[in-house]
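Me: I have a model open on my screen and would like to talk it through with you. Could we go over its contacts, its fold and its charged side chains?

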Amino acid sequence: MRLLPWTGADGKACYLSTDDPDSLLSRLADDVEAAQLASAETVQAGATAVLHDPDAGERAVRFALTRAVESLGDVLRIALSRSQSQTQTRTET
């Protein structure tokens with residue numbers, strides 16, 4: 001079972017059960033994860049710039065923090081998914 005990088009309409013986790021890493025949904029999940037990681041890099045750079053700007057106002061700091069928290073959630077979900085995947089692989093061998 002693979003934890004997907006998105007949630008359902010009800011906010012619950014979505015899982016994919018397949019042995020085919022090249023299935024359409026597996027590739028889509030890989031693409032979404034890659035986009036989320038790239039976005040997190042951009043957000044991190046922007047948040048760093050805001051934090052280093054002594055003239056940054058409250059709105060800029062709140063915006064940067066909000067985006068950083070969203071990105072952190074995405075990255076943690078990817079890390080959890082990959083951790084679960086590695087655990088399953090070790091258990092299956």
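Me: Among contacts between residues at least 6 apart in sequence, what percentage join residues at least 24 apart?
Reply: Happy to start there, with the reminder that this is a predicted model. Take the contacts in the protein chain between residues at least 6 apart in sequence, and ask which of them join residues at least 24 apart. That share is 56%.

Me: In what order do the elements run from the N terminus on?
Reply: The protein chain has 2 helices and 2 strands. Strand β1 covers residues 2–7 and strand β2 covers residues 13–16. Helix α1 takes up residues 24–52, and helix α2 residues 58–92. Read from the N terminus, the order is β-β-α-α.

Me: How do the two strands pair, and which residue of β2 is the bridge partner of Thr7?
Reply: β1 and β2 pair in the antiparallel sense over 3 bridges. They form a hairpin with 5 residues between them, and Gly11 in the turn has a positive phi of about 85°. In β2, the partner of Thr7 is Ala13.

Me: Now the charges: with which residue does Arg2 form a salt bridge at 2.8 Å?
Reply: The structure holds 5 salt bridges. In this one, the closest N and O atoms are 2.8 Å apart, and the pair links strand β1 to helix α1 across 28 residues. Arg2 is buried because its relative accessible area of 17% falls under the 20% cut-off. The partner, partly exposed at 35% relative accessibility, is Asp30.

Me: Is Glu33 buried or exposed?
Reply: Glu33 meets Arg2 in a salt bridge, at 3.3 Å from N to O. That pair also links distant parts of the chain, with Glu33 in helix α1 and Arg2 in strand β1, 31 residues apart. With a relative accessible area of 3%, Glu33 is buried.

Me: Why does the salt bridge between Glu33 and Arg82 tie together parts that are 49 residues apart in sequence?
Reply: The closest N and O atoms of Glu33 and Arg82 are 3.2 Å apart. Arg82 counts as partly exposed, at 43% relative accessibility. The bridge ties those parts together because Glu33 lies in helix α1 and Arg82 in helix α2.

Me: Which residues do salt bridges that share partners join into one network?
Reply: Follow the shared partners: Arg2 bridges to Asp30 and also to Glu33. Glu33 in turn bridges to Arg82. The network is therefore made up of Arg2, Asp30, Glu33 and Arg82.

Technical notes:
Residues numbered from 1 in each chain as written. Predicted model: local features only at pLDDT ≥ 70, side-chain atom pairs only at ≥ 80, totals over all residues. Heavy atoms only, no water. Salt bridge = Lys/Arg side-chain N within 4 Å of Asp/Glu carboxyl O. Helix = DSSP H or I, 4+ residues; strand = E, 2+ residues; numbered from the N terminus. Buried < 20%, exposed > 50% of the residue type's maximum accessible area, 1.4 Å probe, protein only. Pairing = 2+ DSSP bridges. Contact = heavy atoms within 4.5 Å.
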